[in-house]
Amino acid sequence: QVQLVESGGGLVQAGGSLRLSCAASGRTVSRYAMGWFRQAPGKEREFVASISWSGRSTYYADSVKGRFSISRDNAKNTLYLQMNSLKPEDTAVYFCAGGDYAYTPRDYYYWGQGTQVTVSS
């Protein structure tokens, strides 16, 4: 079993930065690809970024490419999302997930509870 806990969300002005963290527990968490998703009010959960179990491969949604960076530290069982040049449309609840190296929610087996990110204009 894998448990995921996100942190680092908050309120930031447009153009600012935030770094989200996701602490994972479970002996085999490093075997899974990890991903970040987000969900704004009234919208479906959408893919943000994913990273392979080794960290060598990453994939981003077009909307965040060049602004966000996903990384992981398997020794610390922690996943990160560095978010720069934030825009009001990035406002959402951000979830970390563990599963297959993919970009659809159904390919992920484990989910955190989410952390709110609010970007003011």
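**Strand pairing and the disulfide**

Gly-35 stands opposite Ser-50, a residue of strand S5. This is a predicted model, in which local features need pLDDT of at least 70 and side-chain atom pairs count only at pLDDT 80 or more, while totals for chains, interfaces and linings use all residues. Residues are numbered from 1 along each chain as its sequence is written, and side-chain values use heavy atoms, with hydrogens and water left out.

**Strands around S5**

- Helices (H or I, at least four residues) and strands (E, at least two) are DSSP runs numbered from the N terminus, and two strands pair if DSSP finds at least two bridges between them.
- Strand S4 (residues 33-39) runs antiparallel to S5, to which five bridges join it, and in their hairpin, with six residues between the strands, Gly-42 takes a positive phi near 80 degrees.
- S5 is also joined by three bridges to the antiparallel strand S6 (residues 58-60), where Tyr-60 is the bridge partner of Ala-49.
- In the hairpin of S5 and S6, which has six residues between the strands, Gly-55 takes a positive phi near 90 degrees.
- Because five of the six residues of S5 (residues 46-51) are buried, this strand is largely enclosed by the rest of the structure; buried means under 20% relative accessible area, exposed over 50%, and partly exposed in between (1.4 Å probe, protein chains only).

**Disulfide**

- A disulfide, defined as a pair of cysteine sulfur atoms within 2.5 Å, joins Cys-22 to Cys-96 with an S to S distance of 2.0 Å.
- Cys-22 lies in strand S3 (residues 18-25) and Cys-96 in strand S9 (residues 92-99), so the pair ties together parts that are 74 residues apart in sequence.
- Cys-22 is buried, with a relative accessible area of 1%, and Cys-96 is buried at 0%.
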